[in-house]
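My plan is to look things up one by one and write down what I find.

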Amino acid sequence: MTQKSSRPVAVFDLDGTLADSAHRQRFLERTPRDWDAFFAAAPQDPPLAEGVALAMESARECDVVYLTGRPERCRRDTVAWLAAQGLPEGPVLMRRDDDRRPARRTKPEILRRLARDREIRVLVDDDELVCDEAERAGFTVVRARWATASATLKNAQEREGRT
């Protein structure tokens, strides 16, 4: 995001915040984890009504930015899913395909970069560790607790840095 705007930014996570990824958790419960199948099933994610409503409400006063741990190779499916849900248009920030750092490290780093040019009004994310780090960095956070948390996914996110 290089353009300057006077509107603040509302930053939204995808999986567990806007998209219900519960149906694809099974791909992470096997050994080895099947990350390709996990991400390939993302276009079938049902929307999470609470997150979608908050994004729509936020778009009245803010520009919406999507910040996800999904790898760049999922961009086409992700952008199509956002459009199919009628979510506000906005940049989709994704991790490089080879980036395995935990989201609790990458997301606050990206937020700080965004904050150089724009006011970050809020981060909405379901990952407690990301939320903790963002709050420590001074950002306002809404913890998306409306989806069923998956211990398998949380463990994989933290240990393997995949989403």
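**Entry 1: one lysine**

Which residues does lysine 107 touch, not counting residues up to four places away in sequence? I looked up its contacts, a contact being heavy atoms within 4.5 Å. Lysine 107 touches Asp13, Leu67, Thr68, Gly69, Asp125 and Val130.

Before going on, I note that this is a predicted model, where local features need pLDDT of at least 70 and side-chain atom pairs count only at pLDDT 80 or more, while totals for chains, interfaces and linings use all residues. Residues are numbered from 1 along each chain as its sequence is written, and side-chain values use heavy atoms, with hydrogens and water left out.

I then checked where lysine 107 sits. I found it in helix 4. Helices (H or I, at least four residues) and strands (E, at least two) are DSSP runs, numbered from the N terminus. Lysine 107 is buried, with a relative accessible area of 4%. Buried means under 20% relative accessible area, exposed over 50%, and partly exposed in between, with a 1.4 Å probe and protein chains only.

One of the touched residues is also a polar partner. The side chain of lysine 107 makes a polar contact with the side chain of aspartate 13, at 2.8 Å. A polar contact is a pair of N or O atoms within 3.5 Å; within protein, one must be able to donate a hydrogen and the other to accept it, and residues adjacent in sequence count only if both atoms are side-chain atoms.

**Entry 2: the whole chain**

I stepped back to the chain. It has six helices and five strands. Along the sequence I read the pattern β-α-α-β-α-β-α-β-α-β-α. Buried residues make up 48% of the 163 residues. Of the contacts with a separation of 6 or more, 72% come from residues 24 or more positions apart.

**Entry 3: salt bridges**

Side chains of opposite charge can pair when their charged atoms come close. My rule for a salt bridge was a side-chain nitrogen of Lys or Arg within 4 Å of a carboxyl oxygen of Asp or Glu. By this rule I count 24 salt bridges.

I looked up three of them. Arginine 73 forms a salt bridge with aspartate 36, with the closest N and O atoms 3.7 Å apart. This pair links distant parts of the chain, 37 residues apart: arginine 73 is in the loop between strand 2 (63-71) and helix 3 (75-84), and aspartate 36 is in helix 1 (residues 35-40). Arginine 73 is partly exposed at 43% relative accessibility. Aspartate 36 is exposed, at 56%.

Next came aspartate 63 and arginine 118, whose side chains meet in a salt bridge at 2.4 Å, N to O. Aspartate 63 lies in strand 2 and arginine 118 in the loop between helix 4 (103-115) and strand 4 (120-125), so the pair ties together parts 55 residues apart in sequence. Aspartate 63 is partly exposed at 21%, and arginine 118 is buried at 4%.

Arginine 136 and glutamate 133 meet at 2.8 Å, N to O. Both lie in helix 5 (residues 128-136), three residues apart, about one turn of the helix. Arginine 136 is exposed at 62%, and glutamate 133 is partly exposed at 23%. I also found a network: salt bridges that share partners join Arg95, Asp99, Arg101, Glu109 and Arg113.

**Entry 4: cysteines**

How many disulfides are there? I took a disulfide as a pair of cysteine sulfur atoms within 2.5 Å. The count is zero. Cysteine 62 is buried at 5%, and cysteine 131 is buried at 0%.

**Entry 5: helix 3**

I listed the buried residues of helix 3: Thr78, Trp81 and Leu82. They cover an arc of only 100° around the axis, which puts them on the same side of helix 3. The arc is that of the directions from the helix axis to the C-beta atoms. The face turned away from the buried side carries the exposed residues Arg76, Ala83 and Ala84. What covers the buried residues includes strand 2 and strand 3 (92-95). Glycine 86 follows helix 3, and its phi is positive, near 75°.

**Entry 6: rings**

I count three aromatic pairs. Rings of Phe, Tyr and Trp (its six-membered ring) pair if their centres lie within 6.5 Å; planes under 30 degrees apart count as stacked, over 60 as edge-to-face and the rest as tilted. Phenylalanine 38 and phenylalanine 39 pair edge-to-face, 5.2 Å centre to centre with 75° between the planes. Both are buried. Ring pairs link Trp35, Phe38 and Phe39 into a cluster.
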